[in-house]
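I opened the model to look up its strands, its cores and its ring contacts. My entries follow in the order in which I checked them.

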Amino acid sequence: SGEFQYPTKDYVFPIPLDTTRAVDIRVTSADGSHKGYYALIITREGCPQERNIFDPLSKECVRFCATGFFANDMVGRCERCKIGCVNCVGYRQCVQCPPDNRQYRFALPDYNNGTCVRTPRPFWEQHPEQTAAACVSAFCILVFFAGLVGFACSSAQARPGVKLMMLRPGTNGAGGTSSDESDSSEEDPRWGGANRFAY
């Protein structure tokens, strides 16, 4: 009749190297009236002596772990380094930090027990384009105000100064002699015995 009676189901579960695991499986009929049980003993061999570390990336036994992993001799497999560490010889023994980027600098100080320290970069290093634009804008504003100050100073110097003339008694402002006063060199008592000034 074309009915599919035996669907395939896959189950994936880890088995450590060089260990044995017992797996119990129960199978139930479609109408639920019958049940069957299976007991499986699954054994996984360990890696050979010349390649005694299992690499989960390549799924093979290797002599050395890949970058970013360290060899855990207790379980005989490669395990990933701590977050923020590029290469390590143990989970808490980092030997290489990530390269510096625009936002952070990474260092491996002796006092931090093999852990990389991340330090934020200054603003002008994180955002060089914005910093350059701000510097150019500030320079333009400075040049603008310097031009205004220079223009104001030049305008003030270009204005005609006040001319001060000293007139002797008996003379007018145009340099001539008054008709009702004699051209005497004596001081006129009307001016307090002093010369007068005309502006």
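I took helices (H or I, at least four residues) and strands (E, at least two) as DSSP runs, numbered from the N terminus. This is a predicted model, in which local features need pLDDT of at least 70 and side-chain atom pairs count only at pLDDT 80 or more, while totals for chains, interfaces and linings use all residues. Residues are numbered from 1 along each chain as its sequence is written, and side-chain values use heavy atoms, with hydrogens and water left out.

**Elements.** I found 2 helices and 12 strands in the protein chain. From the N terminus the order reads β-β-β-β-β-β-β-β-β-β-α-α-β-β.

**Asn-72.** I placed Asn-72 in strand β5, residues 69-72. Is Asn-72 buried or exposed? I use buried for under 20% relative accessible area, exposed for over 50%, and partly exposed in between (1.4 Å probe, protein chains only). Asn-72 has a relative accessible area of 17%, so I count it as buried. Contact means heavy atoms within 4.5 Å. Not counting residues up to four places away in sequence, Asn-72 touches Arg-77 and Glu-79.

I list two strands as paired if DSSP finds at least two bridges between them. Strand β1 (residues 19-28) pairs with β2 in the antiparallel sense over 10 bridges. Arg-21 has Ile-42 in β2 as its bridge partner. There are 6 residues between the strands of this hairpin, where Gly-32 takes a positive phi near 80°. Strand β2 (residues 35-44) is hardly covered, and I counted 0 buried residues among its 10.

**Cores.** For a nonpolar core I took a set of buried Ala, Val, Leu, Ile, Met, Phe, Trp, Tyr and Cys residues joined through side-chain atoms within 4.5 Å. The largest one has 7 residues: Phe-70, Cys-81, Cys-85, Cys-88, Cys-94, Cys-97 and Cys-116. A second, separate core of 5 residues includes Ile-53, Cys-65, Phe-69 and Cys-78. Beyond its neighbours within four places in sequence, Cys-97 is in contact with Val-86, Phe-106, Ala-107, Leu-108 and Cys-116.

**Whole chain.** Of the 199 residues of the protein chain, 17% count as buried. Among contacts with a separation of 6 or more, 19% come from residues 24 or more positions apart.

**Charges over rings.** I count a charge as over a ring if NZ of Lys or CZ of Arg is within 6 Å of the ring centre and within 35 degrees of the ring normal. Arg-44 lies over the face of Phe-54, at 4.8 Å from the ring centre. The charged end of Arg-118 sits over the ring of Tyr-104, 4.1 Å from its centre.
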